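Colleague: I am new to this one. Could you walk me through how to read it, feature by feature?

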Amino acid sequence: MGVGTSTLTKYVVLVVGLIIAYKASTVIYNLFFHPLHKFPGPKLYGASTLPWAIRHATGSQAFYTQKLHDRYGPVVRIGPGHLSFTDPRAWKDIYGHRVGAESSAAEMSKAPTFNRVVRHIPPSIINADREEHSRFRRALSHGFSDSAMRQQEPMIAQYIDLLLKRLHEECGEGKTKLNVEAWYNWTTFDIVGNLVFGQSFHCLENVNYHPWIEFIFRSVRFGAVMVAMTYVGLGDLVQILVKLGRNAVLRVRKYTDDMVRARLAMEKERDDLFEGLVKRREEWNLSFEKLSSTAFILVLAGSETTATTLSGATYLLLTHPEIMERLKQEVRSAFSSVDDININSVNKLSYMLAILNEALRLYPPVTSGLVRVVPPGGEQIAGHFVAGGTFVEVQHWSMNHSKDNWKDPWTFNPERFLTTPEEAAKAGNKLDALQAFNVGPRNCIGRNLAYAEMRMILARIVYDFDLKLSDESQKWIERQRSFALWDRIPLYAYLTPVKR
Ligand code: HEM
């Protein structure tokens, strides 16, 4: 018995010793022999994947990476095989079309570690391979065209009308504080629900989130933990955890599937975002699961981001009264009645557009996480040779707060967007550093829709109300965490109807 125990102890010591030796040799390799070992960055981050993963899982990764850029410059090694860039040339080098490459390598591919952590969910537009992605993109393009948006305008306006009606009912003539961040989200969810499924989530009617939407919020946080685990090599464990938490996942999938089924059963053609896919479904043999995954992504991508930007813009306006005043003047003098506010007429509000762009800079809806893999053979990125297989990314939060790109990067100053790029550059602002919708073949397909919605909603609110920030919402941005998407907290304000 004594002999058996001591043999077991020896084995345990041996195995533990081997693991320690393996880990130590990996650290030595990462620090001194890895192809990225000369790139600047903290030694701990170059040595191991763990520090990045912990930051990511706890919602502080994007903020910390920005600080690293301040310290180390426009390229930083944030993991053993992982680089972050803040040189604006990196946008095209990482996300753009790769000129002259074979068709299969015409873009740097997305990294499954960040994009397909749950392996059994069929790919959607956001993580399909290049060929399938371009088919998704072609099919969806009509639904996002200017002509389709003109057809969609009455439906979009109907929800904005309902938002305004509700705000008038609920604001208590400026005495009741309202969580405007939730109101924006209810509106954008209802709009995109209708544009994808042909029915809204009834958030504005019920003055509440739909359970499906609450699940999305939770999955953003859980998603970050799953990415972090996959990053440190625990991808298989993630699959087991997902199976254990299956009920919630299945419930949401069932709900999405039911809505897609109801949409497919509609006999009349709809000029919405989904019709293109419905039409080509049989021709491409597109499975129901892929259709449903893409519907889910369209709803998430089309609502969260727009509501985030509107909330950020509103907070920044509420904390900068002189800028709010100038916006009020622009909006209230541009229209003689609320009926004049539409997709076309909001285009003339150039100061409001500058405000939205400055809000996208200071509070980007996607702070980080758009990681690509350098193809075999390596690639030049922003003047650096980067070895094949490296994870590379531009993090919006870092790019948008870089002092190399912006004069006074932490100051809310919409004026910087009111000049030509050349004049802006002389004043220290590289306007092309802001790419809130990304560039290249996988950029945001909903950009025009997003601007149309945001301009109409903000114009209607500023036309109808004077707003005041509630004290508890001071330092609203600084108090939030970000898991690539923001874990937004309520934004309370008082809305007083303008007397006319
Ligand atoms: C302010 C609002 C928005 C911002 C900042 C934004 C930002 C982005 C970004 C950065 C990407 C690239 C993601 C990647 O590289 O993986 C993206 C992709 C995408 N966005 Fe948006 N988005 C916004 C609004 C919308 C809207 C309203 C829709 C409409 C449904 C939408 C639908 C999509 C889709 C489907 C993709 C995937 C495109 C592809 O892979 O080809 N987005 N968005």
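**Reading the model**

Modeller: Start with a helix contact. Trp 52, Ala 53, His 56 and Ala 57 in H3 meet Ala 224, Val 225, Val 227, Ala 228 and Tyr 231 in H11. By class, this contact of H3 with H11 has eight nonpolar, one polar and no charged residues. Two residues are in contact if their C-beta atoms, placed from the backbone, lie within 7 Å. Ala, Val, Leu, Ile, Met, Phe, Trp, Tyr, Cys and Pro count as nonpolar; Asp, Glu, Lys and Arg count as charged; the others, Gly among them, are polar. Helices (H or I, at least four residues) and strands (E, at least two) are DSSP runs, numbered from the N terminus.

Colleague: What should I know about the model itself?

Modeller: This is a predicted model: local features need pLDDT of at least 70, side-chain atom pairs count only at pLDDT 80 or more, and totals for chains, interfaces and linings use all residues. Residues are numbered from 1 along each chain as its sequence is written.

Colleague: Back to the helices. At what angle do the axes of H3 and H11 cross?

Modeller: Two packed helices are described by the angle between their axes and the distance between the axes. The axes of H3 (residues 50-57) and H11 (residues 211-231) cross at roughly 175 degrees and come within 8 Å. H3 and H11 are therefore roughly antiparallel to each other. That label needs an angle over 145 degrees; under 35 is roughly parallel, 65 to 115 roughly perpendicular, and the rest oblique. Axes are lines fitted to C-alpha atoms, for helices over the stretch in contact, and angles run from 0 to 180 degrees between N-to-C directions.

Colleague: Which residues of H11 meet H12?

Modeller: Met 226, Met 229 and Thr 230 in H11 do, and they meet Gly 235, Leu 237 and Val 238 in H12. That contact divides into four nonpolar, two polar and no charged residues. H11 and H12 (residues 235-244) pack at about 150 degrees, with axes 7 Å apart.

Colleague: Now the sheets. What is the strand order in the open sheet of five strands?

Modeller: The order is E1-E2-E8-E5-E3, with mixed pairing. Two strands pair if DSSP finds at least two bridges between them. E1 (75-79) and E3 (109-110) are the edge strands, each pairing on one side only.

Colleague: Which way do the residues of E8 point?

Modeller: In a regular strand the side chains alternate between the two faces of the sheet. In E8 (residues 391-394), Phe 391 and Glu 393 point one way, Val 392 and Val 394 the other, and all are buried. A residue is buried if 20 or more other C-beta atoms lie within 10 Å of its own, exposed if 12 or fewer, and partly exposed in between; C-beta atoms are placed from the backbone.

Colleague: What is the order of the open sheet of three strands?

Modeller: E4-E12-E9, with antiparallel pairing. The edges are E4 (177-179) and E9 (465-469). Neighbouring strands of this sheet are turned by 45 degrees against each other on average, direction ignored. E4 and E12 (residues 492-497) share three bridges. Asn 179 has Tyr 492 in E12 as its bridge partner. Helix H9 (residues 180-197) packs on the sheet, touching E4 and E12, and its direction makes about 45 degrees with that of E4.

Colleague: Is Ala 382 buried or exposed?

Modeller: Ala 382 is buried, because 20 other C-beta atoms lie within 10 Å. Its phi is positive, about 45 degrees, although Ala 382 is not a glycine. Ala 382 sits in the loop between E6 (379-381) and E7 (384-386).

Colleague: And Asp 408: buried or exposed?

Modeller: Asp 408 is exposed, with 11 other C-beta atoms within 10 Å. Asp 408 has a positive phi of about 45 degrees too, and is not a glycine. Its place is the loop between H18 (396-400) and H19 (421-426).
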